[in-house]
Amino acid sequence: LARHLRQPQASQIQLAQRARFSLIDAIERHRASQPLRASSLKSTEALAASHHRAISCDAKRTALMRSNALLKTLLTTTTMCAALDLYTSLESLVAKPYYKLEQSVAAKQIPALSTAEGELQPLADGPGATFDHGPWDALLRKHVKAGRVDYDGLQADKSKFDAYVTSLAQADVAKLSPKENFAFHCNAYNALCIGKILDEKPAKSILDLSTKQQTVWDSRAGIIGGEVVSLNDVEHKRLRLVFAEPRVHACLVCASASCPDLAPYAFTGKELDAQLADRTRTWLANPTKGFASERSGAVARLSRIFLWFEADFDDTLAFARANGAAADGAPAVRYFEYDWSLNKS
C-alpha cells in the first residue's frame, strides 16, 4: 500500500480491500448483462439508499466487512450495472469509505503540511550557489528508457554512481539557491533510492527491504551535506515541508512500477520550471498509473499518490486539469491500485 505505511498497519487496509474487491469486481463482470427494468431499478435504488444511511462514522469499517452480503443482494436484481451511472453510485458506497480508511492509516505515517517548522516557501528564483549534477545526468540518460531503469547497467557503472553519491555527501547545501536546493534534493532522493536497490538487491520490490523494526523509508539511505538521512528525511523534511510545490510528487521515484516515470535527466535549478511541467504532464498522460477518464467521463482515475497526499494538492482534480488531464465536469474520483514491483527495464 502507501510507501509510508508500516506493514502491521497495512493489514487494516488489506481486510477492507478484499471486501471491496469482491463487490466491485463482480459488479464489473456482470455489468450490462441484464436488461434494465423499472421495478428492479427502484428496488436497487432503495437498497443503495438504505445501505448508505447505514454507514455512519462509527460503522464504516463494519459496513466494509459486509460488502459480500451486499453483493449477494445486488446480484438478485436484474438491473445491476445495466446503467453506468447507477454502477458508479453503487461502487461509491464501498469505495468512498474504503478510501477514507486508507487515508487515515496513511496519515499516521505521512507528516501533515501543518507540521512544517515554518511557512512553506514558494519555488522562486533567488541568490545562491549551483551544484554540478552532470555525472548523474549522464547516468540517467544512459540507463533510463521510457521511465524504466536498467539496474544491471547502473551496477556496471557503479564507480561513477558512487562518485556522484559521494559528491552529494560533500555538498554545502546551505549555500544553494532555492531552486537549486529543490533540484538537489529531488536528485538526491532518486539517487539514494537507486543506491538501495543496487546495494541491497531486493528480489521483487523495494518493500522487501523493510523489516519488522524499520521500514525502508526510515532506514539509513545515505549522506547529504554531511548529514545521515533516510528517504523520508529527504522527501518530507527537505522537500514537502519546506517548499509549496506539489509537483514534487511527479519527481520523486521510489523504484516502483506505479511511481511516476523516472526522469531521463537530472534536475537543475536553471531548467527546473520546464522540468517540473514536463514530469507532471508526463505522469498524468500515462493512462495506466497517472490519469484515465473512464465510463464516458463519469469516472476520473488518478494515481494513488493523490489519495495519500491529498492535502498537498488542495484540489486534486483542479491540479490534474491544470496539468493536462481531461477531467471535465464533476466525475467520481477513483484511484489506480499501486504496483510495488521494481521499475526495472
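Where is the place of Arg295? The place of Arg295 is in the loop between E5 and E6, and the views below start from the model as a whole and then return to this loop.

**View 1. Confidence along the predicted chain.** This is a predicted model, in which local features need pLDDT of at least 70 and side-chain atom pairs count only at pLDDT 80 or more, whereas totals for chains, interfaces and linings use all residues. Residues are numbered from 1 along each chain as its sequence is written, and side-chain values use heavy atoms, with hydrogens and water left out. The protein chain averages a pLDDT (the predictor's confidence in each residue, from 0 to 100) of 84, and 74% of the residues score at least 70. Over residues 1-13 the pLDDT is below 50, and beyond near neighbours in sequence this stretch has 46 contacts in the model, a contact meaning heavy atoms within 4.5 Å. Residues 30-57 also have a pLDDT below 50, with 39 contacts beyond near neighbours in sequence.

**View 2. The open sheet of three strands.** The strands follow the order E5-E6-E7 with mixed pairing; strands (E, at least two residues) and helices (H or I, at least four) are DSSP runs numbered from the N terminus, and two strands pair if DSSP finds at least two bridges between them. Strand E5 (291-294) and strand E7 (332-335) stand at the edges, each with a single partner strand, so one side of each is left without a neighbour in the sheet. Neighbouring strands of this sheet are turned by 25 degrees against each other on average, direction ignored, the axes being lines fitted to C-alpha atoms. E5 pairs with strand E6 (residues 299-302) in the antiparallel sense over four bridges, whereas E6 and E7 pair in the parallel sense, also over four bridges. Val299 in E6 is the bridge partner of Glu294, and the bridge partner of Val299 in E7 is Ala332.

View 3. E5 and E6 form a hairpin with four residues between them, and Arg295 in the turn has a positive phi of about 55 degrees. At 15% relative accessibility, Arg295 counts as buried.

**View 4. The loop at Ala146.** Ala146 lies in the loop between strand E1 (144-145) and strand E2 (148-149). Its phi is near 55 degrees, a positive value in a residue other than glycine, and Ala146 is exposed, with a relative accessible area of 78%.

**View 5. Phe182 in the largest nonpolar core.** Of the 79 residues in this core, Trp136, Phe182 and Trp308 touch the most other members; a nonpolar core is a set of buried Ala, Val, Leu, Ile, Met, Phe, Trp, Tyr and Cys residues joined through side-chain atoms within 4.5 Å. Helix H9 (residues 178-200) gives the most to this core, with twelve residues. Not counting residues up to four places away in sequence, Phe182 touches Leu123, Leu239, Phe243, Glu245, Val248, Leu272 and Leu276.

**View 6. Cysteines without a disulfide.** A search of the whole structure finds zero disulfides, a disulfide being a pair of cysteine sulfur atoms within 2.5 Å. The sulfur of Cys186 is 4.7 Å from the closest cysteine sulfur, in Cys251, which is too far for a bond. Cys186 is buried at 0% relative accessibility, and Cys259 is buried with a relative accessible area of 1%.

Note on methods
Axes are lines fitted to C-alpha atoms, for helices over the stretch in contact, and angles run from 0 to 180 degrees between N-to-C directions. Buried means under 20% relative accessible area, exposed over 50%, partly exposed in between (1.4 Å probe, protein chains only).
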